[in-house]
Amino acid sequence: MSKKESMLFELMETCNFLDVFEHCLEAPDSLQSGQHPDAQIGHIRAYWNGDGWHGNYFPCRGELWTKAFNRESQDIYRCLVTQFYNLEILREFCKGHPSSHVGENEYNFFMNGHVADYWIRFITRANDYNLYLKGYKKNCQHT
């Protein structure tokens with residue numbers, strides 16, 4: 001990331017918004033069954049196919065979605081796929097952050113945006129969804 005981008009979107013290896021995971025219910029707009037955090041707005045899921053990144057947005061709670069969230073989450077997604085412009089670069093980055101390792105070929109990072117907070121999950125296996133960018137309604141207690 002450029003110096004300006006890294007100042008705006010700093011990846012952290014520790015989550016400072018754990019409170020968003022305390023209350024979960026069925027999400028009316030989610031395409032996935034099961035319970036999701038009440039603060040989850042939605043997520044972008046992307047995969048690397050050898051030619052580039054391919055991502056889609058999946059809503060969770062539409063009433064929390066705003067234009068500002070859309071802009072910020074898209075900006076963060078663009079920063080991530082620009083910085084990690086192929087799967088090998090992503091793997092090297094993740095290897096350099098062993099404390100973010102949470103499972104076989106899986107790494108968690110977190111980010112406090114201006115509009116929302118984000119959980120970024122990198123999966124470095126080929127032929128898998130390799131990037132999840134989950135957005136959560138910001139709680140001012142941790143900022």
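Accessible areas are computed by the Shrake-Rupley method with a 1.4 Å probe, and for residues only the protein chains shown count as cover. The structure is a predicted model, in which local features need pLDDT of at least 70, side-chain atom pairs count only at pLDDT 80 or more, and totals for chains, interfaces and linings use all residues. Residues are numbered from 1 along each chain as its sequence is written, and side-chain values use heavy atoms, with hydrogens and water left out.

**Figure 1. Overall view of the chain, with an accessible surface of about 7,900 Å².** Carbon and sulfur atoms contribute 51% of that surface. The chain has 3 helices and 8 strands (DSSP runs numbered from the N terminus: H or I of at least four residues for helices, E of at least two for strands), in the order α-β-β-β-β-α-α-β-β-β-β. A compact globule of 143 residues would have a radius of gyration near 15 Å, and the value for the chain, 15 Å, agrees; the radius is taken over C-alpha atoms, and the globule rule is 2.2 Å times the number of residues to the power 0.38. Along the principal axes, the C-alpha atoms fill a box of roughly 35 × 30 × 30 Å. Of the 143 residues, 43% are buried (under 20% relative accessible area; exposed is over 50%, partly exposed in between, with a 1.4 Å probe and protein chains only). Among contacts (heavy atoms within 4.5 Å) with a separation of 6 or more, 57% join residues 24 or more positions apart.

**Figure 2. Confidence along the chain and the stretch of residues 1-7.** The average pLDDT (the predictor's confidence in each residue, from 0 to 100) is 88, and 91% of the residues score at least 70. Residues 1-7 have pLDDT below 50, and beyond near neighbours in sequence this stretch has 5 contacts in the model. Where pLDDT is low, the predicted coordinates should not be read in detail.

**Figure 3. Helix 3 (residues 87-95) and its buried residues.** Leu87, Leu90 and Cys94 are the buried residues of this helix. Viewed down the helix axis, they fall within an arc of 60 degrees and so line one face of helix 3; the arc is that of the directions from the axis to the C-beta atoms. An α-helix has 3.6 residues a turn, so residues three or four places apart point the same way. The buried residues pack against strand 3 (40-48), strand 4 (53-59), strand 6 (106-112) and strand 7 (116-123). At the N-terminal end, asparagine 86 caps helix 3, with a side-chain oxygen 3.0 Å from the backbone nitrogen of glutamate 88.

Figure 4. Leaving aside residues up to four places away in sequence, glutamine 40 touches Cys60, Arg61, Leu64, Lys134, Gly135 and Tyr136.

Figure 5. Most residues other than glycine have a negative phi.

**Figure 6. Glutamine 74 and leucine 133, 59 residues apart in sequence.** Their C-alpha atoms are 9.7 Å apart in space. Glutamine 74 belongs to helix 2 (residues 67-83) and is partly exposed, with 24% relative accessibility.

Conventions: A polar contact is a pair of N or O atoms within 3.5 Å; within protein, one must be able to donate a hydrogen and the other to accept it, and residues adjacent in sequence count only if both atoms are side-chain atoms.
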